[in-house]
Amino acid sequence: MDGLLKRSLIKKSVHRFKVQNFKSFKWLMLILLLISFLLIVSSLAMGFYHISIKELLMLLLYGEEAVTGENSSVFIIIKNIRMPRIIAAFTIGAGLSMAGAAYQGMFKNPLVSPDILGVSNGAGLGAALALTLGLSNFMVQVYAFVFGILVVSLAYFIGSHAKFGHDVSLVLAGSMLGALSSSFITLLKYIADPNDTLPAITFWLMGSLSKVTINSLLFSLIPMTLGCIIIYLLRWKLNLLTLGDEEAQAMGIDPKSTRLIAIAAATIISASAVCLGGLIGWVGLMIPHISRGIVGADYRRVLPIAALMGGSFLLLMDDLARSLSTMEIPLGVLTAVMGAPFFIVLIVKRTR
Amino acid sequence: MLRVENLIGGYGKREVVKNISFHVEKGDVLCILGPNGCGKSTLLKLLLRFIPKKSGRIFLQGQDMDQLHRKSIARIVSYIPQFDSMPFPYTVIEMVTMGRSCHLDRWKTPSKKDNRFAYESLEKLRISHLADKLYTQISGGERQLVLMARALCQDTRVLIMDEPTASLDFANQQLVMDAIATAVQEGKSIILTTHSPSQPFTIATKVLLLSQGSTVGFGKPLEVLTSESLERVYGIPMDIVTVSDRNQTNRNICLPVH
């Protein structure tokens, strides 16, 4: 009798917990989706060239024919300039947040950012090299992507041949190669032409979405989406990786291959993000943290929340970057201005 | 259930475990006992295939472990580590549900059924009230019980525990002991390492006494643990004394002799 009563009580609590949890998560997702949508639409209306909400709605509802005649430039501005930039901001924010969340789990450290393995500095070196060589914008992007992947692959190769702790040596190798890349960047800046090449490199390294075009967007969008899908598919296994290799193994997961896939996916995301918008820091560190604070540590919930929040956050930052002053503020600077105080608060709060 | 034959293994060229053989049947509790550095932990790592063995054979339910995939091993043997700090704020129920992973198809996440199974595992150890608490905010004893519930949730025949009572206070040690008894009632076989030579007398059906990686004795606690064998292993004079508690139950305890 006693056992029966207990069991029914527990069943009830099971029921309540699940429904409550699932419902509130669904609501949260819905709210975040709504915010993201509103942000995207209002960002379309924002900018130097005034586009009224009415024109925008007409355009969204009826297509190109709605804005003919003297307003035909509206369509071109939306299609060629604002739309690519907004999509870029949103996907970079979402992608970096997912990559950051994945890296944090893999290395069992909530204070890890997506460029822990040197991807950003590697990509930066690629871009600086292409700019110094005077290559086209497209080639700058290709160089950045390839160099970013190259540096992480090299770090992984070195790490997997180390005799001691796999994780530690991987991170060490990554930061070593990252530092090496950044010193080469300094060298390139030193020899670059101060009239055009040097400002180009500097601006690129600060992170900006002002040069995003449809073509550059398409180049990055596909690998970035692919990486995000892979990380989302790994969401349950990422939970197990946070327990450490031995426990993951004992529960039937192969930690090495799982980590390799996750690193590959996160690196592709980061490299495509960097080659599209330059070095944009803090998002991948900050957003997963906030997400965990809201929905807990389970990657099944962290990943979608982080993606939506990261996308909205970076889009908002980019809106500020292009509207706060007449001169474009570098996006990387803005996220750092937001991120650094956040990090300080985090350090203080963690010691509670 | 689990049979080990002439197992040799270690790190690099060093052999830490030298030619060990033993077997565990259904309902057995095997205590692996020995001083620091005797190879207890290494033996567990070999049993769980965390490190490769040099030679010897391990059979799980009659199957050679070398022939089994990691996932298949995880369906037969679960591992209960010593509780440790956790950098991410998982809830207890999320922690326990992770035990279901070896039963999931590739790319799949736990279903409602798996979730229910996790709650039942908590209920078995009478810690359902912890379900929604954060694993990072419960006590060490509770964490150890949660890790045991996770192993029950993994639903394996064999549970391997690494010093489950180390760094726990007296009352919590007893709770873990009770949890082990519960698991045995469920028909599990348990292998655990310990530092306390008295512990096998209370819970174990078998003892494996190790010294410097070799077997000193394997068998029933009273047969293996004698003052001679313990003195040989620990290097200090030891006595086995029998005391009776208030219920007039006789209990054996190891005491160092001064």
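Guide: A definition to start with: axes are lines fitted to C-alpha atoms, and angles run from 0 to 180 degrees between their N-to-C directions. The model is a predicted one.

Visitor: At about what angle does helix 9 of chain B run to strand 10 of chain B?
Guide: Helix 9 of chain B covers residues 227-234. This helix lies across two strands, strand 9 and strand 10 of chain B. Its angle to strand 10 of chain B is about 155°.

Visitor: Which strands are the edge strands of the open sheet of 6 strands in chain B?
Guide: That sheet has mixed pairing and the order 6-7-8-3-9-10. Inside this order, strand 3 (residues 29-33) and strand 9 (residues 206-211) of chain B pair in the parallel sense over 4 bridges. An edge strand here pairs on one side only, and the two that do are strand 6 (77-80) and strand 10 (214-219) of chain B.

Visitor: Which residue of strand 9 of chain B stands opposite Leu30(B)?
Guide: Strand 9 of chain B is the parallel partner of strand 3 of chain B. Opposite Leu30(B), strand 9 of chain B places Lys206(B).

Visitor: Why is one side of strand 2 and of strand 5 of chain B left without a neighbour in the sheet?
Guide: These strands belong to an open sheet of 4 strands with antiparallel pairing and the order 2-1-4-5. Strand 2 (14-24) and strand 5 (63-64) of chain B stand at its edges, so one side of each lacks a neighbour: each has a single partner strand.

Visitor: Which strands of chain B does helix 1 of chain B touch?
Guide: Helix 1 of chain B, residues 40-47, packs on the sheet at about 65° to the direction of strand 2 of chain B. Strand 2 of chain B is paired with strand 1 (residues 2-11) of chain B over 7 bridges, in the antiparallel sense. Helix 1 of chain B touches strand 1, strand 2 and strand 4 (53-60) of chain B.

Visitor: Is helix 4 of chain A roughly parallel or antiparallel to helix 7 of chain A?
Guide: Helix 4 (residues 119-132) and helix 7 (residues 197-206) of chain A pack with their axes 9 Å apart, at an angle of about 160°. Angles over 145 degrees count as roughly antiparallel. Therefore helix 4 of chain A is, to helix 7 of chain A, roughly antiparallel.

Visitor: How many charged residues does the contact of helix 4 with helix 7 of chain A have?
Guide: Among the residues that meet are Gly124(A) and Ala127(A) from helix 4 of chain A, and Ala200(A) and Trp204(A) from helix 7 of chain A. By class, the contact has 7 nonpolar and 3 polar residues, and the number of charged ones is none.

Notes. Residues numbered from 1 in each chain as written. Chains lettered and ligands numbered in written order. Predicted model: local features only at pLDDT ≥ 70, side-chain atom pairs only at ≥ 80, totals over all residues. Pairing = 2+ DSSP bridges. Contact = placed C-beta atoms within 7 Å. Parallel < 35°, antiparallel > 145°, perpendicular 65-115°, else oblique. Nonpolar A, V, L, I, M, F, W, Y, C, P; charged D, E, K, R; others polar.
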